[in-house]
Amino acid sequence: PDERILFLPKSENWWGPAGATGPCGPDSEMFYDIAPDGPPGETPVSNPARFWEVGNNVFMQYDKLADGSYRPLAQRNIDLGMGLERLLPIVQGAQSIYETELFAPIMEKIQALATRNDTFAMRVVADHTRAAVGVLATGIRPGNVDQGYVARRLIRRAARYGRELGIEGPFLSGLANVAIDTLADAYPALALARDSICAALDEEEARFGRTLARGEAELQRAPKARFF
């Protein structure tokens, strides 16, 4: 076989189902080698940092049932999992999606606000703020159940990592404006919903701040442990 093809078991080459049951099947993953002159013999398994997964062909041919069995689908298809953001770092010669033109503006804004340097935290803030913008643009609002809970988790995790970066005061709506400006040409609905998106971010960020303040106050009042 071609030396560029790596055959793996079902545990490594299988997609789905999305839930406990539903369509699923084997897949053929495609990787881009960012270091073609690297040590020979390395594979996506032995060195995943070297090989970027840019897509996969899912051969959707089974329906997983509640009892764990698989029934052949009457209608089969091939689902190509290859998106813009998977290919963009390769096309633009970037080290990751966060250095491409889709993320660079929001990353630069975060770096300007931060007083501490933490690449992982900055990426979390950028990714979660951008995702929250998309969710809020649909009219979903932060809450405790279903889609609202997803929005709340995205916003609060972004806010928490912002605190770890030393960012003072509310900042998410400012980042949201950068994200909207970056994406509005392709998604004009984001610009139309700008005010409601920013208002929802401000409200949830303030609510999270009050929650943290109450928690910190409780910790201050708690009896101090004594060690001997």
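**Reading the model**

Modeller: Cys 24 counts as buried because its relative accessibility is 0%; buried means under 20% relative accessible area, exposed over 50% and partly exposed in between, with a 1.4 Å probe and protein chains only. Cys 198, at 11% relative accessibility, also counts as buried. This is a predicted model, where local features need pLDDT of at least 70 and side-chain atom pairs count only at pLDDT 80 or more, while totals for chains, interfaces and linings use all residues. Residues are numbered from 1 along each chain as its sequence is written, and side-chain values use heavy atoms, leaving out hydrogens and water.

Colleague: What does the domain assignment give for the protein chain?

Modeller: Domain bounds come from an automatic or database domain assignment. Here that gives domain 1 (2-82) and domain 2 (97-221), with C-alpha centres 32 Å apart.

Colleague: How do I read strand pairing?

Modeller: Two strands pair if DSSP finds at least two bridges between them. Strands (E, at least two residues) and helices (H or I, at least four) are DSSP runs, numbered from the N terminus. In this model β2 (residues 22-33) pairs with β3 (residues 51-64) in the antiparallel sense over 10 bridges, and Gly 22 has Lys 64 of β3 as its bridge partner. Strand β3 also runs antiparallel to β4 (residues 70-80), joined by seven bridges; one of the partners there is Leu 80 in β4, for Asn 57. The hairpin of β3 and β4 has five residues between the strands, and Gly 68 in it takes a positive phi near 90°.

Colleague: Now the helices. Which residues of α2 are buried?

Modeller: General idea: an α-helix has 3.6 residues a turn, so residues three or four places apart point the same way. In α2 (residues 104-113), the buried ones are Ile 106, Met 107 and Ile 110. They fall within an arc of 100° seen down the axis, so they line one face of the helix; the arc is that of the directions from the helix axis to the C-beta atoms. Glu 108 and Ala 112, on the other side, are exposed.

Colleague: What covers the buried residues of α2?

Modeller: The cover includes α3 (119-137) and α5 (172-183), with contact meaning heavy atoms within 4.5 Å.
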